[in-house]
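Dear colleague,

I am handing over the structure below, and I would be glad if you could look through it before reading on. My notes on what was found follow after it.

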Amino acid sequence: MPEKVVQLVATAKGLFVFESEDGRKSWSQRGPFCETWPLNHAIGDPATETIFAGGGDAWFGPAVWRSDDLGRTWSHSSEGLAYAEGEEPIKTVWSLARKGNSLYAGVEPAGLFRSDDDGATWTHIDGLQRHPSRPEWHPGGGGLILHSIVTDPADPKRIWVGISAAGVFYTSDGGETWEPRNRGTRADFMPEDMREPEFGQCVHNIVMAPGGRDVLYQQNHCGMYRSDDGGRQWVSIENGLPSSFGFPVASHPRDPSTLFLLPLNGDIAGRYVPDAKAAVWRSRDRGETWQALREGLPQENAYFNVLRQAMATDTADPAGVYFGSNSGSLYASADEGDNWVRVTQHLPKISSVETMVVAG
Amino acid sequence: MRQATVSAPAVMVAPVTVTIPTALARLFPDCVTRMKIDAATVAEAIDALDARWPGMRDRICDSRPAIRRHINVFVNGQRSTLDAPLPPRSEMLVMTAISGG
């Protein structure tokens, strides 16, 4: 059956949908959707072809938007997507994840919500707020945001979240109780004798490797890490990379040893691609060695960055790799990163790129 | 401009005229920007809007609860809060403040 590859590109001014029906040779573009709200993340469920987009409007507050027809019509809701009266209101939705019939939303200020009716109503997972470290969480530059939600494909009660700058937290009971899982990751911004705290690390993005349910990869403000035991212990895999700083990480859809990174030149060096030359870095051996992929990417005067959720792979074979820049350009590779094309430019600031492969 | 009458399920109160911004109306199917509502306070008026267009309260009010930071509600020309009374034949105006980028 022919495949249609869909890219969901969330931006500062709405959602754009890109589709290819010719093996990712050409792309059509639609949008902007969601009334041009600022969006932080959009995901697609290939089983139902439903799109969810989360964000927050300066005037009208946070919401999760939903389309059941690949973006043609939309509904939105924030019912239940709220903290108790008197607490700081939710500013925006930062991240979404789908697991079975449950939809998860990470928000700012950091918290996790679940919807069991496709985003119509939401329930707060208050176990995370009850964690004893909660009063000591401090916001990173982007705010106190819950930006990464990783679920175990085999066990819906196992969830990892990444919070900037509180670190990685893990639950094995569906969210009742949580524990920090940051051992081995550095917090170079802390005093010298406090650089490996139990929590407080500035995690930027976490993903799970396919198949291996306990293999995680993490891009951190201070380093790049792998864990082989569900985050109990992290090991550095930044040797061979041009920088220890970056935002996104993307795993291969089938090969747990392959992952993609887009390092930036450093947290106070401008946060653009090193030497103003764009490259996606690929490892085929779980981060032991790295290769820079530059074919088709700008190699001079590139001063963009790529935000934490703005790189993704697809499930086609060979895997596609995609990233969107804060300067509004979208790049795609149909051969696991060897060759790249610019799909479009001049979009608003791109917050996230996710993919969905559906029947053509 | 389209008009509609929305009846709040409250006690009999005098109707007021409510105007909402186009950007808010666009978020809800078949929503109009100007309507008559039976309500005695700003909060009651917003309840009536929410009954007709579910979810609209979330777009006007946050969880404190309060009028959202970048939304202003004027009653007869006075900037008002949720507990402000709506005298008979009031004009209630929901506006988006100048903000964004």
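Where in chain A does A:Lys25 lie? Please keep in mind while reading that this is a predicted model. A:Lys25 is found in the loop that runs between strand E2 (14-20) and strand E3 (28-33) of chain A, and with a relative accessibility of 71% the residue counts as exposed, because the cut-off for that class is over 50%.

The interface of the two chains

On the side of chain A, 21 residues are in contact with 18 residues of chain B, and the two chains bury about 1600 Å² between them, of which 54% is on carbon and sulfur atoms. Within chain A, the residues that lose the most area to chain B are A:Trp59, A:Phe60 and A:His76, which together account for 45% of what that side buries.

The rule finds 1 salt bridge across the interface of chain A and chain B; A:Glu35 forms a salt bridge with B:Arg26, and the closest N and O atoms of this pair are 2.7 Å apart. Across the interface there are also 11 residue pairs in polar contact, with both residues at pLDDT 80 or more. Strand E6 (61-67) and strand E7 (75-77) of chain A are the elements that give two or more residues to the side that touches chain B, and the largest share, 4 residues, comes from E6(A).

Aromatic pairs

Over all chains, the structure holds 12 aromatic pairs. One of them is formed by A:Trp37 and A:Trp65, whose ring centres are 5.3 Å apart and whose planes stand at 85 degrees, so the pair is edge-to-face. Since A:Trp37 lies in the loop between E3 and strand E4 (39-45) of chain A while A:Trp65 lies in strand E6 of chain A, the pair ties together parts that are 28 residues apart in sequence. A:Trp37 is buried, with a relative accessible area of 2%, and A:Trp65 is likewise counted as buried, at 3% relative accessibility.

A further pair is that of A:Trp137 and A:Phe169, where the ring centres are 5.3 Å apart and the planes are at 50 degrees, so this pair is tilted. The pair links distant parts of the chain, with A:Trp137 in the loop between strand E11 (123-124) and strand E12 (145-152) of chain A and A:Phe169 in strand E14 (residues 167-171) of chain A, 32 residues apart. A:Trp137 is buried at a relative accessible area of 5%, and A:Phe169 is buried at 0%. Elsewhere, ring pairs link A:Phe304, A:Phe323, A:Tyr331 and A:Trp340 into a cluster.

A buried serine

A:Ser351 has its place in strand E28 (residues 350-359) of chain A and is buried, with a relative accessible area of 10%. The side chain of A:Ser351 reaches the backbone oxygen of A:Leu39 at 2.8 Å. If neighbours within four places in sequence are left aside, the residues in contact with A:Ser351 include A:Ala10, A:Thr11, A:Asn40 and A:Leu307.

Backbone features

A cis peptide bond joins A:Ser164 and A:Ala165, with omega at about 0 degrees, and A:Ala165 is placed in the loop between strand E13 (155-164) and E14 of chain A. In chain B, a cis peptide bond joins B:Arg64 and B:Pro65, with omega at about -5 degrees; B:Pro65 is found in the loop between helix H3 (56-60) and strand E4 (71-75) of chain B.

A:Glu49 is a residue other than glycine with a positive phi, near 60 degrees, and its place is in the loop between E4 and strand E5 (50-57) of chain A. A:Asn301, which is not a glycine, has a positive phi of about 55 degrees and lies in the loop between strand E23 (291-293) and strand E24 (311-313) of chain A.

Chain B as a whole

Chain B has 3 helices and 6 strands, and from the N terminus on its elements run β-β-α-β-α-α-β-β-β. Of its 101 residues, 48% count as buried.

With kind regards

Technical notes
Residues are numbered from 1 along each chain as its sequence is written. Chains are lettered from A and ligands numbered from 1 in the order in which they are written. This is a predicted model: local features need pLDDT of at least 70, side-chain atom pairs count only at pLDDT 80 or more; totals for chains, interfaces and linings use all residues. Side-chain values use heavy atoms; hydrogens and water are left out. Buried means under 20% relative accessible area, exposed over 50%, partly exposed in between (1.4 Å probe, protein chains only). Contact means heavy atoms within 4.5 Å. Buried area is the accessible area (1.4 Å probe) that two parts lose on being put together, summed over both. A salt bridge is a side-chain nitrogen of Lys or Arg within 4 Å of a carboxyl oxygen of Asp or Glu. A polar contact is a pair of N or O atoms within 3.5 Å; within protein, one must be able to donate a hydrogen and the other to accept it, and residues adjacent in sequence count only if both atoms are side-chain atoms. Rings of Phe, Tyr and Trp (its six-membered ring) pair if their centres lie within 6.5 Å; planes under 30 degrees apart count as stacked, over 60 as edge-to-face and the rest as tilted.
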